[in-house]
Amino acid sequence: MFSGWRNELYPVTAAFDAQPALLLERAAAPYFGIRAYGVHVNGYVVGADGSKRLWVARRSASKQTWPGKLDHIVAGGQPYGLSCSANVVKECWEEAGVPQQLAAAAAPVGFVSYVSISEEGLKPDVLFCYDLQLPEDFVPQPQDGEVEEFMLWDMSKVASVISRSTQYKPNCCLVIIDFLVRHGLVAPEEAGYLQLVRQLRTGDPL
């Protein structure tokens, strides 16, 4: 009945820090409309002039969900029994070959939330955002076959692709827009600034 079985359990809870009423296979979550959580890592580089560039992943064409779309250097669902910080370290190595000593420096910087409707059902999701400044000489390497390639882009190119195309996996756009706002790359003078920031956290994120 469920496609994309992950053998990964999600807790069904009234709030993120509440005890789960039950555990549910990740692939089944949208069918029941439960709130799911994840971690997304903005892996970025700061140049000598202070400019920032963002590592961009292209999802494998063979992935069941969003094949070929642009993505974060590291992102993953938040399973039961693992802390967010431990999950970040695990996903960093599994998806991009980021060693533990580098991944441990990822800083939690907040969250975005949204509600979407797919063929499978309702998806009220919360994504915990992390910023990870990487050395200029570090190059991520695909480890688990889920990424076709990694690219290091200027922030202006990232912003342009998000605003003018659908190349990115949709939920990644929210996390990157949050990054742009927090790093002063989108300012209050921009038209629609308040609506943009407000819409980064919709629904009931508890």
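Predicted model: local features only at pLDDT ≥ 70, side-chain atom pairs only at ≥ 80, totals over all residues.
Residues are numbered from 1 along each chain as its sequence is written, and side-chain values use heavy atoms, without hydrogens and water. Local features need pLDDT of at least 70, side-chain atom pairs count only at pLDDT 80 or more, and totals for chains, interfaces and linings use all residues.

Helix α5 covers residues 170–182; helices (H or I, at least four residues) and strands (E, at least two) are DSSP runs, numbered from the N terminus. The 13 residues of α5 reach 19 Å from first C-alpha to last, close to the 18 Å expected at 1.5 Å a residue, the expected span being 1.5 Å times one less than the number of residues. Of these 13 residues, 11 are buried, that is, under 20% relative accessible area, with exposed meaning over 50% and partly exposed in between (1.4 Å probe, protein chains only). Among the buried ones are Asn171, Cys172 and Asp178. Glycine 184, with a positive phi near 70 degrees, follows α5.

Aspartate 125 lies in strand β8, residues 122–133, and is buried at 7% relative accessible area. Its contacts (heavy atoms within 4.5 Å), leaving aside neighbours within four places in sequence, are Ala36, Val112, Ser113 and Tyr114. The side chains of aspartate 125 and tyrosine 114 are joined by a polar contact of 2.8 Å. Another polar contact, of 3.0 Å, links the side chains of aspartate 125 and lysine 123. A polar contact is a pair of N or O atoms within 3.5 Å; within protein, one must be able to donate a hydrogen and the other to accept it, and residues adjacent in sequence count only if both atoms are side-chain atoms.

Tyrosine 80 sits in the loop between β6 (74–77) and α2 (84–96). Tyrosine 80 is partly exposed, at 45% relative accessible area.
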